[in-house]
Each structure stands twice: as C-alpha cells, then as structure tokens.
Amino acid sequence: MKGFLRRRLLWGSLLVAATIAVASVYAAWEGATTRSAYLSGWLLFGLMVVLTGYNWLKKIPYLPLGRSEVWLEFHLYAGVFTGVLFLLHVRLRWPTGWFELVLTLLYAIVMFSGVLGIIISRGWPKRLTARGGEVPFDRIPLVSRQLREQAEALALSSVAEAKSATIAEFYTRRLHDFFAGPRHFLSHLFEIRLPLNALLHDLGDLNRFLNEQERKVADQLVALVRQKDGLDYQRALQLTLRLWLFVHIPVTYSLMLWAVAHIVLVYGFSAGAR
Amino acid sequence: MDTVHFVIDKPERWDSSFDPEMTDADVSRLMEIRPFSEMDAGKFSKRTPLRGILKNDARIRRFKNGEIIVRAGDYGSSAFLVLSGHARVVLNPGLPASLLGRRKSQRKGLFEIVAQLWTNPRDPEVRTAAELEQDSGVKVGLKQRGVFLQDVPRILDEHKTATMSPGDFFGEIAALSRSARTATIFAVGDETELLEVRWQGLRDLLRFDDHLRHHIDRIYRERTLATHLREIPIFKRLNDEQLKRVIEQTQFGTYGDYDWSGDYKRLAKEGTRSPEKETTIAQEGDYPNGVVLIRSGFARLSEKFGHGHRTLNYLSAGCEFGLREIAHNWRQRADSVPFQQTLRVIGYTHVIVVPTPVMEEVVLPTVPEHELPLRFTSEELAGAEQSDTRRKLDAGAKIGPELMEFMTENRFFNGTSTMVIDMERCTRCDDCVRACATTNEGNPRFLRHGHTSGRIMVANSCMHCADPVCLIGCPTGAIHRGQSGGEVVVNQATCIGCSICSNNCPYDAIRMVEIREEDGAFMVDKDMKPIVKATKCDLCSDQIGGPACERSCPHGALKRMDMNNLDAFARWLNR
C-alpha cells in the first residue's frame with residue numbers, strides 16, 4: 001500500500017473511531033445529565049485552540065515538535081471532527097438569536113475555507129506543473145511588464161517597417177488592455193480558454209489585411225499573447241493558493257474571540273457551571 | 001568603413017601558472033634535487049617539458065613553526081616535497097577538531113533553541129563575537145592565509161608524530177585519488193621549505209617519468225589497495241599470496257578533470273552536455289579486459305538506444321563494472337560476451353582495473369558458484385527479456401528515463417542531501433524558506449527555485465556532495481565536512497571570504513555575504529573593506545530536529561534525498 005493511501009486510511013480510521021466514541025458517550029450522558037452541552041462545548045473549544053495553534057507552530061520551526069506534514073494531517077482530520085462536535089453541541093438545531101447565528105456563520109466560513117483550501121492545495125499544484133512555464137509569484141509583475149514592453153515595441157515597429165498602422169490599431173483596440181495587467185482571473189481558475197481563443201481568433205482574422213512582413217510581426221504577437229496568458233494563469237492559481245489563507249486565518253481568530261465571548265455569556269447567564 | 005578586429009591569444013595551459021614568482025633559478029635548483037635530478041627530461045613532451053612543469057605547476061612554499069601544511073579531512077589537489085627543514089605528521093589518533101580550526105560540532109540545547117524566539121537579530125547576516133572567535137589552539141593568519149598550531153611543544157608531547165625530512169614526498173594519494181587527507185602535517189621550525197606540485201603537474205610527472213610513478217604506485221599499492229580490495233566481497237576469500245598477485249597486476253586509471261566544476265559550468269551554459277562527449281572508460285561491445293572498480297568520483301552507465309545512448313545508472317565509489325561479463329566468459333568460454341554497457345566518466349573518476357587474466361586465474365576460482373553473477377541467457381543477449389540483475393542495474397526504469405537523464409546531466413547524483421521538491425504537491429507557500437530563515441537567524445540558506453524535470457524540482461541548495469568540489473583549495477580549511485553526519489559546513493571564524501568554494505561549487509549553492517555586527521553595522525577590515533564570509537545550507541546541523549526546510553513542509557513535498565540511493569528516491573516518487 002502506498003504511503004499517502006496508508007496514512008489517509010489511518011487518519012480516516014481514527015476520525016471514525018473518535019466520532020463513534022464521542023457520539024456514544026454523548027448519547028449516554030444526554031439522558032444522565034443536562035450538562036452534556038458543556039462537555040461538547042469545551043471539547044470543541046479545546047480542539048479549536050489546538051487547531052489554531054498550527055499557525056503558531058509554523059512560526060517556530062526550530063522547535064523539535066515533529067513534521068509540519070503530520071500536524072497538517074492532524075489539523076485536517078481534527079478539523080472535520082470539530083464538525084461532528086459542533087453538530088452534537090448545537091443538537092442539529094438552527095441557531096437562535098443573532099449571537100449564535102454569527103458564531104455559526106464564522107464556524108461555517110472557517111470550515112468551508114479550510115475545505116476549499118485543501119482542495120486548492122491538492123489540485124492547483126498539479127495544474128501549475130502540468131501547464132509549465134512557471135514564474136515565481138513575486139517575479140510575475142516584472143515578467144508581465146517585460147512582455148508588455150515587447151508587445152508595444154513590436155506594434156510600433158510594424159508602423160515604420162510596413163508603413164501601415166493595421167497592427168498598431170489592432171494593438172490599441174484589442175491587445176493594449178490585455179497586456180496592461182492581469183486578466184481573465186476566473187477563466188484561468190476554471191480552465192476556460194474562451195478569452196484566449198477569442199483573442200487568437202481576432203489575431204488570425206487580422207492576417208487577411210497584412211503583408212508578409214506584418215504577418216511575421218503578428219506571429220510574434222501571437223507568441224507573446226500566449227506567454228502573457230500563461231503568466232496570467234500562473235498568477236491566478238498562485239494567488240488563490242495564497243489568498244484562501246487570508247480568509248481562513250483571520251476568520252479563525254474572529255471565531256475564537258466570538259467563542260470566548262460565548263463561553264463568558266453561557267457562564268454569566270446560566271445557573272453557573274457547578 | 002574599417003572594422004576593428006580584436007585579436008587575442010589562444011588560451012594555453014600555462015597561461016595561469018601556479019606561482020608567477022617561480023623563477024628559472026628556482027627551477028634549476030629543483031633540477032638538482034631528487035627525484036627531479038633522476039628524471040630523464042627527454043621523456044617529457046615538447047608541450048609539457050619537465051622544466052615547464054616545475055616552473056608552472058609547482059611552487060616553493062615556506063612554512064613557519066606550527067603552520068599546518070595539510071590537515072586531516074581536507075580535500076587537497078596538490079602533493080608536497082620537503083626541500084629543507086622538517087615537518088611532522090601526526091599519527092593516529094589525530095589532533096582534535098578544535099586544534100585544526102574546525103567548527104566545534106555541537107547541537108543547540110533545548111533552551112538555546114527556544115531562546116531563538118527572542119535572540120534572532122533583526123538585521124541579516126549578523127555574526128556575534130563568539131561566532132568569529134577562533135579556538136585558542138589555532139590561529140588564522142589572514143595575510144599568509146595559513147593556519148597555525150599555537151602550542152607545538154605540547155602537541156609534540158601529547159601526540160605521536162613522525163618526522164618528515166628533505167626528500168620526503170607526501171599528499172600525493174589524496175591529490176590523485178581525490179580523497180580526504182588522512183593525516184595532519186605541520187611545519188617544525190621557521191625554515192621549513194616545501195615544493196608544492198599541483199594536480200595537473202603531478203599527473204604529467206607521473207605520465208612521463210616512470211621513477212615517480214613507480215614511487216607513488218608503490219606507496220598506493222602498499223598503503224591503500226590491499227585494504228580496499230579486502231572490503232570487496234569478491235576478493236575477500238583471497239589469501240595473502242593471492243592478494244599480492246592481484247595487487248601486483250592491478251592498474252590505476254584517472255579520468256576527467258580534477259576540478260571538473262569549471263568545465264561543467266561552461267558546458268551547462270553552452271548547453272552542449274551529452275554522453276557522447278564524455279571520456280569512455282569501457283565501451284559496449286568491446287572485449288572485457290578487466291573488472292573496473294570505481295575508487296572515487298562518478299561514472300555513467302549507459303547502453304545504445306536508437307542513435308544515442310540511454311543512461312541506465314551512475315556508478316559511484318565502491319561500484320564495479322564488467323564482473324558479470326568476465327565471470328560469464330570464464331564459465332562459458334565457447335560462448336563469450338563483450339561488455340554489455342558503456343562506462344563513461346562524469347567529471348572526474350578514479351578507477352582500479354583488475355585485468356581479466358588475473359580475475360580468471362586468481363580471483364574467480366576462490367568464489368563459490370552461488371556468489372558469482374548470473375550468466376547471460378541467450379534471450380537476454382538478444383534483448384528479448386530482462387534479467388533481475390539487469391533490472392536492478394536499470395535505475396532509469398525505477399525513477400523514469402527522463403528523470404534519470406536529468407539527474408545525470410545536471411550532476412545531481414553528487415548530492416547526499418539534495419533538496420528535491422515534488423511540484424505536484426508543493427503549494428508554493430514558501431514555508432520551507434521561512435523556516436530556513438527563522439532557523440538561521442533570519443537568513444534563508446537556499447532558493448526555492450532550480451532545475452525542473454516533470455514534477456521534480458531540484459532546489460538551489462547545498463547538496464552536501466559525495467564529491468565536494470567546494471572543499472578543494474580552501475586556504476584555511478574553513479569549509480569542511482562535519483564530524484557527525486558528513487555535512488559540509490563553513491567555520492565562520494576561519495573563513496577569510498576568498499570565494500574559492502563559491503566559485504568551485506558547480507551548483508551555485510554557496511553565497512558570499514557581507515557580515516554585520518550585532519548593532520547592524522557592516523563589519524569592515526583595517527582598510528574599511530567589508531568582511532565577507534561564505535554561507536550555505538548546513539543541514540541545520542546545530543538543531544535537534546534536523547533540516548527545518550523538510551520538517552516545515554506541510555504537504556510533504558520537500559525531501560532531502562541521497563541521490564545514490566535511487567531505490568529510496570523511487571519509493572518517495574511513488575509514495
């Protein structure tokens with residue numbers, strides 16, 4: 001059995017076992033005590049604190065606390081397990097009141113962004129590698145500017161060399177905006193080639209108005225358009241690989257603050273935890 | 001319009017001599033001294049005359065009392081002849097690492113590791129006084145670029161040493177077999193004068209003159225070969241008499257360039273690397289005239305494929321080539337086979353060849369049938385089937401032929417801790433870079449960027465090479481192998497910032513940086529020039545948990561791999 005599969009099976013089994021165990025205990029306690037919500041609540045909060053700690057763990061890599069890969073696996077499966085605890089805690093009911101609603105929404109956003117994050121983290125790298133021509137994220141603006149300058153220079157040179165403004169006009173009308181900055185973000189995320197095909201189609205159509213010299217320039221422009229499209233693809237995917245964490249982490253801290261307030265309120269307005 | 005032509009001389013071997021200050025008078029003086037006085041100058045070629053070798057590939061060096069000439073563990077490319085004065089060789093056990101100007105190999109304690117939370121400096125490349133403090137037993141002379149032992153009488157009292165006098169020759173084995181110096185030798189008295197002959201000159205002296213070659217071959221056979229052969233399973237049953245016969249008949253071969261990194265860098269830049277341009281040690285289809293044992297360096301094992309050659313594997317120190325063919329022919333004389341693959345030099349390779357007659361008469365009769373390699377079947381020879389032996393040999397089949405060629409072309413097989421990144425798992429989060437920086441006081445020691453083949457990237461990080469070219473020529477021995485895991489580390493106290501290691505590294509994994517004081521100001525010397533030090537990945541050798549880059553990768557995409565263990569690499573690829 002391969003390493004990844006074996007580990008998935010191990011963590012999956014642990015998750016199932018923990019779910020069965022906590023559900024059984026909860027069912028037994030439900031009849032015996034009215035305090036079962038405190039049990040699930042504290043368990044849920046404690047686990048959420050541990051899960052939040054993963055972000056701190058990354059900041060102290062020199063401490064011999066094991067491999068980040070194992071901690072991420074724990075983070076993923078324990079994160080799913082919080083879903084089980086959450087459902088037990090709310091007894092599968094819709095939240096009542098705005099405070100609980102906000103708490104539920106924050107939890108849902110953290111859970112959803114986490115699931116989305118792992119889908120992106122597992123899928124996007126394969127797409128980036130398959131497409132090739134990778135540029136480090138912080139160098140993308142520089143390469144983009146170089147491509148724009150090359151395209152502009154080509155369009156301008158065609159006016160003087162071919163004594164015709166056909167390509168320059170086309171550049172102003174169709175390509176200037178394309179090279180001006182990152183484009184077709186969503187299309188790249190969903191692998192939609194329509195914008196690129198439309199642009200290449202228009203460039204192909206232009207050929208009938210060009211002489212031999214201009215056609216060579218148009219061919220070079222096609223190559224630059226393809227390069228820029230590839231760069232936008234890299235940017236879109238690399239950006240989303242980073243962006244989801246900008247949702248997941250801040251909302252996690254908001255959730256933790258809200259959960260602390262929830263605990264204070266519970267103890268403040270209930271008969272007290274005696 | 002007139003065209004201006006710039007005419008330059010064709011570069012010649014001796015354009016850059018070992019010591020431009022060597023004079024004809026110096027050479028004449030050397031010609032009076034043994035072994036040069038006994039050499040027949042007429043045997044040398046016109047392009048490389050004896051006097052030319054001595055003038056351009058040798059230099060006279062004077063050492064002060066206690067100055068280290070060669071240090072155990074260093075990689076050197078030259079040999080020495082004592083001209084006057086005396087030197088002492090420290091016998092086993094050698095001098096402790098601290099006396100040799102090495103970095104003390106010690107891991108941080110748990111408190112020191114936790115303390116990194118608040119002790120990491122804000123500025124890059126800060127060095128504390130303690131880091132730059134040299135051990136009291138050793139002193140680095142910046143002007144003379146030498147390292148001096150501080151208390152010679154005490155060393156002579158406490159350690160067993162042997163005296164080397166005028167006429168003694170040393171350092172040739174390490175220089176020729178590209179192995180680490182086995183002993184430390186230091187000067188005694190202020191009048192010690194030595195002739196240092198660089199590797200290229202030594203090679204020519206051996207090629208044209210039997211006298212020196214016999215001398216060195218004898219030492220090599222006596223000191224090294226017997227021990228080496230005893231370690232190889234097929235020779236382990238030989239008695240002393242049989243072993244002596246084998247040693248007498250064994251031939252040595254050195255191929256490629258000692259400092260191959262320069263050529264490699266040039267070829268890589270030109271994009272003209274190809275197996276066909278590499279020197280052949282043994283050719284597919286030729287009569288198997290001997291078993292080739294790789295002593296040091298690397299060799300490419302390939303076979304004909306279409307109109308080119310397909311790399312099957314790369315062989316490193318301890319591997320053999322041709323044994324199966326010779327054992328087959330010995331058992332089936334009527335049905336003999338030629339070499340089935342080609343063996344080529346990659347960079348630099350030092351080999352030992354045990355000729356076929358010796359193998360057949362002396363060695364093979366001592367080996368039980370079940371320990372001999374399998375015979376070739378007619379199906380295998382016709383290419384209709386693949387034997388287990390052949391399958392084991394074909395690393396390309398395990399990791400994929402494209403990746404195999406990629407590893408070989410880029411010389412990545414040299415790495416014992418190569419940083420490989422699975423780009424289909426890597427989310428480009430740079431946690432590895434941040435972890436490296438945090439662990440190294442804010443200074444990342446690698447770039448998450450490098451050559452890529454398919455989904456595998458080899459990042460620009462020190463690979464802690466099996467053949468560490470960077471160690472060659474370090475004047476103070478600051479760059480050296482660590483005592484624990486063989487990692488290549490730089491002692492910041494003894495590094496003089498000469499850039500030799502950085503220029504030698506074929507993989508551009510060593511950076512020269514201007515260092516700062518703890519308050520952030522650049523450190524400068526008396527002439528107000530910035531102090532420069534070599535920096536590189538040290539495999540987090542002072543941390544408890546091992547390399548931070550590998551531990552910090554959340555997706556298991558980054559791994560430090562020994563590229564000579566292709567089975568482990570294949571397992572990781574197919575995990």
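Two strands are taken to pair if DSSP finds at least two bridges between them. Helices (H or I, at least four residues) and strands (E, at least two) are DSSP runs, numbered from the N terminus. The structure described here is a predicted model, in which local features need pLDDT of at least 70 and side-chain atom pairs count only at pLDDT 80 or more, while totals for chains, interfaces and linings use all residues. Residues are numbered from 1 along each chain as its sequence is written, and chains are lettered from A and ligands numbered from 1 in the order in which they are written.

In chain B, four strands form an open sheet with antiparallel pairing, in the order β16-β17-β15-β22. Strands β16 (447–453) and β22 (558–561) of chain B stand at the edges with a single partner strand each, so one side of each is left without a neighbour in the sheet. From one strand to the next, the twist averages 40°. Within this sheet, the antiparallel strands β15 (residues 418–422) and β17 (residues 456–460) of chain B are joined by three bridges. Opposite I421(B) stands M457(B) in β17(B). Strands of a sheet pair, in general, through backbone hydrogen bonds, either parallel or antiparallel.

Chain B contains 20 helices and 22 strands. A residue is termed buried if 20 or more other C-beta atoms lie within 10 Å of its own, exposed if 12 or fewer, and partly exposed in between, with C-beta atoms placed from the backbone. Of the 575 residues of chain B, 40% count as buried. Two residues are in contact if their C-beta atoms, placed from the backbone, lie within 7 Å. Among the contacts in chain B with a separation of 6 or more, 77% are between residues 24 or more positions apart.

Two residues of chain B illustrate these terms. A72(B) is placed in the loop between β2 (68–70) and β3 (78–90) of chain B. A72(B) counts as buried because it has 21 C-beta neighbours inside 10 Å. When residues up to four places away in sequence are not counted, A72(B) touches G94(B), R181(B), T182(B), A183(B) and T184(B). The C-alpha atoms of A72(B) and T182(B) are separated by 5.0 Å, although the two residues are 110 residues apart along the chain. E361(B), by contrast, is placed in helix α12 (residues 356–363) of chain B. E361(B) is partly exposed, because 15 other C-beta atoms lie within 10 Å. The C-alpha atoms of E361(B) and W330(B), 31 residues apart along the chain, are 9.5 Å from each other.

Chain A is divided into domain 1 (16–132 + 240–269) and domain 2 (138–238), the bounds coming from an automatic or database domain assignment. The C-alpha centres of these two domains of chain A lie 45 Å apart. Seven residues from domain 1 of chain A and seven residues from domain 2 of chain A take part in the contact. On the side of domain 1 of chain A that touches domain 2 of chain A, α4 (97–131) and α9 of chain A each supply at least two residues. The largest share of that side, four residues, comes from α4(A). For the classes of residue, Ala, Val, Leu, Ile, Met, Phe, Trp, Tyr, Cys and Pro count as nonpolar, Asp, Glu, Lys and Arg as charged, and the others, Gly among them, as polar. By class, the side of domain 1 of chain A that touches domain 2 of chain A has three nonpolar, one polar and three charged residues.

Helix packing in chain A is described by axes, which are lines fitted to C-alpha atoms, for helices over the stretch in contact, with angles running from 0 to 180 degrees between N-to-C directions. Helices α5 (residues 140–162) and α6 (residues 166–180) of chain A cross at roughly 175°, and their axes come within 10 Å. α5(A) is therefore roughly antiparallel to α6(A), a term used for angles over 145 degrees. The residues of this contact of α5(A) with α6(A) divide into eleven nonpolar, one polar and one charged. Helix α8 (residues 194–206) and helix α9 (residues 212–269) of chain A pack at an angle of about 175°, with their axes 11 Å apart. α8(A) is thus roughly antiparallel to α9(A). The residues of the contact of α8(A) with α9(A) comprise nine nonpolar, no polar and one charged.

Between the chains, 28 residues of chain B are in contact with 21 residues of chain A. The side of chain B that touches chain A has ten nonpolar, eleven polar and seven charged residues.

Key:
Angles under 35 degrees count as roughly parallel, over 145 as roughly antiparallel, 65 to 115 as roughly perpendicular and the rest as oblique.
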